[in-house]
Amino acid sequence: MSKSLKDRIAVIGMGCTRFGERWDRSAEDLMIDAASDAIASVPGLRKEDIEAYWVATLASGHSGLMLSRALKVDRPVTRVENFCASGSEAFRNAAFAVAAGVYDVAMAVGVEKLKDSGYSGLTLNAPPGDNTSAEISNPAAYAMLPDVYTETFGVDKGDMRDALTHIAWKNHSNGALNPDRAQYAAPVSKERIDSAPRVAGNLSVFDCSGVADGGAAAIIVRAEDAKRYTDKPMYLKGMSLHAGRCDGVATAGRHHVSFPEVVTCAADAYAQAGITNPRTEISMAEVHDCFTPTELLLMEDLGFSKRGEAWRDVLDGAFDLKGRLPVNPDGGLKSFGHPVGASGLRMMFELWLQFRGEAGARQLPDPRIGLAHNMGGLPGEFVSFIGLFGKELG
Amino acid sequence: MTIKLQAFSAFVPRHALSRKAFAAGNSGQRAVAGYDEDVVTMAVEAVRRLPEARNAQGRLYLATSTPPFWDKSNAGLVHVACGLGGNVQCIDLGGLRSGLSALQLASETGGIAVLSDIRTGRPGSSEELEGGDGAAAFLFGEGDNAVAEVIGSVSRPVELMDVWRVPGSQWSYVWEERFASTVMAPVIAEAAEALRAISGSNAPPTYALISALNGRFALTAATSLRPARGLAVQKSHRSRIGFCGSADPGLLLAFALDEAKAGDTILLVGTGSGADALMLRVLRDGAGVLKIGDGIDLGYVDYLSWRGLLEREPARRPDRPSVSAPASFRNHDWKFGLRGSRCLECGKVHLPPQRVCSSCDAIDRLEAYDASGRAAHIASFSTDLVSDSPASPAIAAMIDFDGGGRVMMELTEADAKQIAVGDPVELTFRRTYEVNNTPNYFWKARPLNRIST
């Protein structure tokens, strides 16, 4: 278990581009747009005030130079990569540096330019190898989840499909309230989701996150300095990262009805924040809904639902915008889009807007504690990040 | 006002193959496009040599029998690399006779006709030996200082299996040459007579230029038209450059115009499945600037390898990445036009364009900066035997531009032993490398003082 940075780190400014097929924007453009927005969100702050940068991308650039060249800065810049949790990783390292007192003001930037690859999905330059790995798409790997769940918990397959459809419907409905930035800002009916052609197993495109370009950025200071920059900072309450030993894909008999890395990560983050009952103490959550079954299982791993009951909570509307614990109010990866390196910071951006009362039509009534869950990998081998943020100190 | 020929240019690649490499009795050279040149790059060289090309309105005709792309417009590539206007109609013409067709069309509609071609033949064949590579460009339009005017234009199509090539083949099939000669001689005579009738003069033309695959037939046919100034242009063209396919009539015309005097007449015939012909009257004395010196002698093995007729051992490394279509589109000003940016606040030049100024930090305050035609020089350079090049060693160079800006580029047509820091260079649009047979293009720097004119 890691030591807590509760109430020691604050976010004082953020920026986020529109996500989607940004044919007219390069990764450099998206970094410039997100970083400029973040700086502009802090009155009086200048680029020169930022002392160090961390930039996250899976495959849209290399080294700190990808950012220093675009933004034209003479500063320490580090590129980080941790699969789909890269954006959170940039935040985490910047927070460490500021907490350590090495820098007073740091920026975390996340960016991904997926639509230059010519492939509608994630591309990854794997290191040279013996090429014995089966060629399995991400949708196929996640499409294995629903049947394991229904068999383990004795859930009707039709009910399970209805729950997955509800998640897709909910996230698209939320995204429709986010027209300035979401990739798919139109509601989609449950009938359309159910009748869409399948891409893998029982999953259709409506069960998959949007393949998008985008960038997001956060400016980080120590909590005691925050009010010098803004009346409404966002405070870090807990932060955990966990990479598993990848035995879930190598152990016979293991059932993927839970992601153990997330469970470990959540316990760590909750302990740091002093949260004992996430169901009641957390006001809202942005979770890694790369596929609809992922979001379903996460509701149990994050402690929002009891084991085997998330499907029922989903269908009861517990995680809808007006439910007891709104999940992905900004539309999530599903509807907002998933530019890998930017997604973790995009999640924090929604907490930032909600805490400040700037979330427009999807504004929640006075959220106090928000959770951002961001992860990368496949069922059985994940790197998982959880960040807990609050509106106020204490 | 009527449409007249306002300007012309010719481009002959620097390298050449000596015909004596095949037999001691042979003479002359054929022009050879470099490994990084093709129909598009040679057409760009020719069009960019036209004065006022960027003001050309209306149409751009590209005539070639060896387009690097089907489906996709090759004329469109020439258009963007020459920085022509956004409303120019780009027209791709194909086949050996398309060169003269392009001249006829442009003389009627105005615009630019650029004729560009690469001729290959089976190794050791007369098509290979007598062929040549090159391009010529012609700007037609209205203006008071025209180079020449078209007096007449005729076409005589004949369905003839004289020379043909099927898609995918690197070679032409050529029927016994005496057959085509026998059939075509009277067709050419008849076309010439038709033009004479249009011109209303019984005097023979000052120049009679015949473009035909068979050089001996072309000379015989030209002789029969009794041109007042003889056959020197055609003879030197065939000797030093060779038959340039669709570009052949363009090069013949450009060389004649370069030495002609006002008042001369030029009869130009293109053949292949019939004949198209033009009669021009020269309005302005030629400038006498198209002096083609000896080409840089290329070894035959290099020639075969550069044309892809002999497979050289590739560098043992993974394939290069293919071009991202969206990135190429987004950056087309830079990639095809070598246009960077200049900061509107402080004047700093960025190559490629940058949204944030590296000097004053201004964001999105920039104007286009065209580096393609600017004076530039070598700031530093090194041979590079690691990069895979058909002309190893490649030379990497830092190029500084007068007026600001610096780019790391590859040098082409350069010998590391003959260049020095500070040497002037010019920028040239080149074919860089292929992935999955798809060519990629970008600019290289070429030492200015070392090229044959």
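Visitor: At what angle do helix α5 and helix α6 of chain B pack?
Guide: About 25°, with the axes 11 Å apart. Helix α5 covers residues 177-199 and helix α6 covers residues 215-224. Axes are lines fitted to C-alpha atoms, for helices over the stretch in contact, and angles run from 0 to 180 degrees between N-to-C directions. Keep in mind that this is a predicted model: local features need pLDDT of at least 70, side-chain atom pairs count only at pLDDT 80 or more, and totals for chains, interfaces and linings use all residues. Residues are numbered from 1 along each chain as its sequence is written, while chains are lettered from A and ligands numbered from 1 in the order in which they are written.

Visitor: Roughly parallel or oblique, then?
Guide: α5(B) and α6(B) are roughly parallel to each other. Angles under 35 degrees count as roughly parallel, over 145 as roughly antiparallel, 65 to 115 as roughly perpendicular and the rest as oblique.

Visitor: Which residues meet there?
Guide: From α5(B), E177(B), S181(B), A185(B), I188(B) and A189(B). From α6(B), F217(B), A221(B) and S224(B). They divide into five nonpolar, two polar and one charged. Here Ala, Val, Leu, Ile, Met, Phe, Trp, Tyr, Cys and Pro count as nonpolar, Asp, Glu, Lys and Arg as charged, and the others, Gly among them, as polar. Contact means C-beta atoms, placed from the backbone, within 7 Å.

Visitor: What about α1(B) and α2(B), what's their angle?
Guide: About 40°, with axes 9 Å apart. Helix α1 of chain B is residues 39-49, and helix α2 is residues 74-81. That angle makes α1(B) and α2(B) oblique to each other.

Visitor: And which residues touch in that pair?
Guide: V39(B), V40(B), A43(B), V44(B) and V47(B) in α1(B) meet N74(B), L77(B), V78(B) and A81(B) in α2(B). Eight of these are nonpolar, one is polar and none is charged.

Visitor: Zooming out, how many helices and strands does chain B have?
Guide: Chain B has 11 helices and 22 strands. Helices (H or I, at least four residues) and strands (E, at least two) are DSSP runs, numbered from the N terminus. The radius of gyration of chain B is 22 Å, close to the 22 Å that the globule rule gives for 453 residues, so chain B is as compact as a globular protein of that length. That radius is taken over C-alpha atoms, and the rule is 2.2 Å times the number of residues to the power 0.38.

Visitor: What share of chain B is buried?
Guide: 46% of its 453 residues. Buried means 20 or more other C-beta atoms within 10 Å of the residue's own, exposed means 12 or fewer, and partly exposed is in between; C-beta atoms are placed from the backbone.

Visitor: Is D248(B) buried or exposed?
Guide: D248(B) is buried, with 33 other C-beta atoms within 10 Å. It is found in helix α8 of chain B, residues 248-259. Leaving aside neighbours within four places in sequence, D248(B) is in contact with G99(B), S211(B) and F243(B).

Visitor: Where does H15(B) lie?
Guide: In strand β2 of chain B, residues 15-18. H15(B) is buried too, with 24 other C-beta atoms within 10 Å. Not counting residues up to four places away in sequence, H15(B) touches V32(B), G34(B), G295(B), I296(B) and L298(B).

Visitor: How many residues of chain A are in contact with chain B?
Guide: 14 residues of chain A, against 11 residues of chain B. α1(A) gives the most to chain A's side, with three residues.

How values were computed: Contact = placed C-beta atoms within 7 Å.
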